[in-house]
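User: Please examine the model shown here and answer some questions on its aromatic residues and strands.

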Amino acid sequence: MPTLYPVILSGGTGSRLWPLSRAAYPKQLLPLTGPLTMLQATLERARQLAGPHCDIQPPLLICNQEHRFLVREQCLALGAVPCAIYLEPEGRNTAPAIALAALHVSSIKTDPDALLLVLPADHAIADQNAFNMAVNHASQAALLGKLVTFGITPTRAETGYGYIKAGKPLSAGSVALEVESFVEKPDAATAQRYLDSGEYTWNSGMFLFKPERYLAELQEQQPDIFAAVTAAWQQRAVDLDFIRPETEAFQRCPADSIDYAVMQNTPDAAVIPADIGWSDVGSWDALWALTEKDASGNVCNGDVFIADTRGSYVRAQSRFVCVLGLDDVVVVETPDAVLVMPKSKAQAVKHAITYCADTQRNEHLEHIRVYRPWGWYEAIDKAERFQVKRIMVKPGEKLSLQLHHHRAEHWVVVSGTAKVTINAVESLISENQSAYIPVGHTHRLENPGKVPLHLIEVQSGSYLGEDDIVRLEDTYGRLC
């Protein structure tokens, strides 16, 4: 019975699902296809592999360091305790990320036949039983030293995916096939030819292999990546519940995907054709296709009214949205941005992202509600020399001990009880009570209670940026 270590890759930004998915809170952390977030659904999918044919170990996650507390919180909410969470100081694509996981598992495993099951955190799979069977077949090939990928049985002539051309079975009666070639995203005519031939599958980005086999292939084919990741891993540091590869060594690592770095060149690549109800949920039209629709083919979420509308995706987060007399459109409303476009133009979202970046806006980076390990805050109003925020602090949590050089703050408790420390003097303030923090005073806000603390913060001063925070001590190990 093989021992499987699920490796969950959670480093993406999901920019094609803007304005819902943003750099600080990307699609894998959102509940897009059900009550669980996509990350949680992936963790649950891996957990359900456990059975008489498979010994599942705790998952290993690799994520952007900016998402670390959100990732940990979502794992714990599901009751999934990772064996490790690695924080990439900088995204270097999938080949280095998987190498970190392979090095970690090689150092802790006790089973010589342990396998890595690499799963992106932002995919949807509808058929768990078929997925379990595909993993079982892939495990048999991986135990023989193959580097196995999962090829999705195509349902349409898709131009947005890479393809895999399969060869002959690895052995008589084997479900696993040799990989004849990996093919880049085709044009429409070529994609139709691939579909008609029956010889091609979509490249899913999921893999299964022994960690040592992957590292050996990486060292042979991409020695620069192998050397840089190995150096970063050997100099790793433990930070609370996280593992940080050494920054400078990791940043020296060339950025490359596992497909280019290893899979397209190894003679031991194999593919498992899989009809598992898979989607990478990579765009609004893909999410529309994946979601249950009404009789007119519409998907509606939130406070929405539609009439004389067909084949559309309409989502409202903070206000009433009406769509009248439009077909095949996407309308997505958030508190600070609204997207309206034909469903066929789903890939054009990138132009909005580029515009925001070029004009130094932040709607592509953060939502109005910004999450922190202690809770969240959201902007209510802002003008010259003042800003108003709503703050929620989770029970038992506290902000850093800090000071500001350019602003004073006034806190008004709306619900709950706050423990406030100002220049080493502690006090408790309750509903409808307030505290004033002058410029330059050290201060800290805590929630000593068992219910969430909500308060209004009024900032005033010559500069109100988030970088005017001098942290003197922080429970979460943040430096800035």
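User: Is tryptophan 278 buried or exposed?
Analyst: This is a predicted model, in which local features need pLDDT of at least 70 and side-chain atom pairs count only at pLDDT 80 or more, while totals for chains, interfaces and linings use all residues. Residues are numbered from 1 along each chain as its sequence is written, and side-chain values use heavy atoms, with hydrogens and water left out. Buried means under 20% relative accessible area, exposed over 50%, and partly exposed in between (1.4 Å probe, protein chains only). Tryptophan 278 has a relative accessible area of 9%, so the residue is buried.

User: What kind of aromatic pair do tryptophan 202 and tryptophan 278 form?
Analyst: Rings of Phe, Tyr and Trp (its six-membered ring) pair if their centres lie within 6.5 Å; planes under 30 degrees apart count as stacked, over 60 as edge-to-face and the rest as tilted. Here the centres are 6.4 Å apart and the planes 50 degrees apart, which makes the pair tilted.

User: How many residues apart in sequence are the parts that this pair ties together?
Analyst: Helices (H or I, at least four residues) and strands (E, at least two) are DSSP runs, numbered from the N terminus. Tryptophan 202 lies in strand S10 and tryptophan 278 in strand S14, so the parts tied together are apart by 76 residues.

User: Which ring lies under the charged end of arginine 369?
Analyst: A charge sits over a ring if NZ of Lys or CZ of Arg is within 6 Å of the ring centre and within 35 degrees of the ring normal. The charged end of arginine 369 is 3.6 Å from the centre of the ring of tryptophan 376.
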